[in-house]
Amino acid sequence: ALLLILIFGFLLFSFQVRTTEVAVVTRFGKPTRQITEPNLYRKWPWPIEKVWTFDKRVQNFEDRLTEGLTSDSFNLLTSVYVGWKVSNPTNFFPRFAGSANPISAAETLIDQWLGNAKTAVVGKHPLSDFVSTSDNGAAFLAIEKEILESIRSQIRTNNLGLEVEFLGIKRLQLPENVSQSVFDRMTSERKLLADHFQY
């Protein structure tokens with residue numbers, strides 16, 4: 001019985017943070033300290049203190065395919081993949097801890113911002129920047145970087161305790177009603193080029 005009491009007391013006054021986790025300790029509901037290193041820590045028992053843990057590994061997700069208008073007035077469907085992680089659990093806690101799944105809640109918010117960021121960036125570039133191979137993909141990489149910086153700026157402004165590690169365009173697609181006009185335009189350009197070299 002004494003051994004059980006000691007074990008129960010130990011569990012009541014301590015907690016463990018694993019290598020894959022970060023934690024926030026709250027006292028009467030207010031964050032008092034964040035823990036980013038794995039170890040065994042002390043705490044006051046509930047309801048005085050409560051420990052919230054979050055996965056600190058890089059989370060990956062792909063956003064939905066959304067439509068945007070290029071600077072030369074072509075509708076372009078884009079989808080991106082994103083890798084992000086919790087960088088500051090104290091800032092992450094008040095925004096997402098109340099959700100049933102904090103990771104999913106954070107990804108939902110990032111997904112909303114991605115739609116706006118992609119629309120803005122796609123509107124700055126002609127279609128050729130997305131499909132051209134003449135520049136070894138430099139314009140394409142620049143577009144990915146613009147979207148990434150836009151998302152990072154949003155996160156910094158809102159102080160969410162998140163960090164986007166990487167972002168890239170996964171899918172590019174033209175709506176069916178646009179594809180034929182693009183092919184017709186490409187055919188016309190190639191024909192003009194061929195006629196030029198014939199003379």
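## The start of helix α3

A polar contact is a pair of N or O atoms within 3.5 Å. In this predicted model, such a pair is found at the start of α3, where a side-chain oxygen of Asn101 comes to within 3.2 Å of the backbone nitrogen of Ile103.

Helix α3 covers residues 102-122. With its 21 residues, α3 reaches 30 Å from its first C-alpha to its last, which is close to the 30 Å expected at 1.5 Å a residue.

## Helix α3 against helix α2

Two packed helices are described by the angle between their axes and the distance between the axes. For helix α2 (residues 89-96) and helix α3, the axes come within 10 Å and cross at roughly 85°. Angles of 65 to 115 degrees count as roughly perpendicular, and α2 and α3 are therefore roughly perpendicular to each other.

On the α2 side, the contact is made by Phe92, Arg95 and Phe96. On the α3 side, Pro102, Ala105, Ala106 and Leu109 take part. By class, the residues of this contact divide into 6 nonpolar, no polar and 1 charged.

## Helix α3 against helix α5

Helix α3 also meets helix α5 (residues 138-158), and here the axes come within 9 Å and cross at roughly 135°. The two helices, α3 and α5, are therefore oblique to each other. The crossing in which α3 passes α5 is right-handed.

From α3, the contact involves Ile110, Trp113, Leu114, Ala117, Lys118 and Val121. From α5, the residues are Ile143, Glu146, Ile147, Ser150, Ile151, Gln154, Ile155 and Asn158. The contact of α3 with α5 comprises 9 nonpolar, 3 polar and 2 charged residues.

Most residues other than glycine have a negative phi, and most peptide bonds are trans.

The peptide bond from Trp46 to Pro47 is cis, and its omega is near 15°. Pro47 is placed in the loop between β4 (39-42) and β5 (49-55).

Ser73 is not a glycine, yet its phi is positive, at about 70°. The loop that holds Ser73 runs between β7 (66-69) and β8 (75-86).

Technical notes:
Residues numbered from 1 in each chain as written. Predicted model: local features only at pLDDT ≥ 70, side-chain atom pairs only at ≥ 80, totals over all residues. Heavy atoms only, no water. Axes fitted to C-alpha atoms, helices over the stretch in contact; angles between N-to-C directions. Helix = DSSP H or I, 4+ residues; strand = E, 2+ residues; numbered from the N terminus. Parallel < 35°, antiparallel > 145°, perpendicular 65-115°, else oblique. Contact = heavy atoms within 4.5 Å. Nonpolar A, V, L, I, M, F, W, Y, C, P; charged D, E, K, R; others polar. Expected span 1.5 Å × (residues − 1). Polar contact = N/O pair within 3.5 Å; in protein donor to acceptor, adjacent residues only side chain to side chain. Left-handed = near helix turned anticlockwise from the far one by under 90°.
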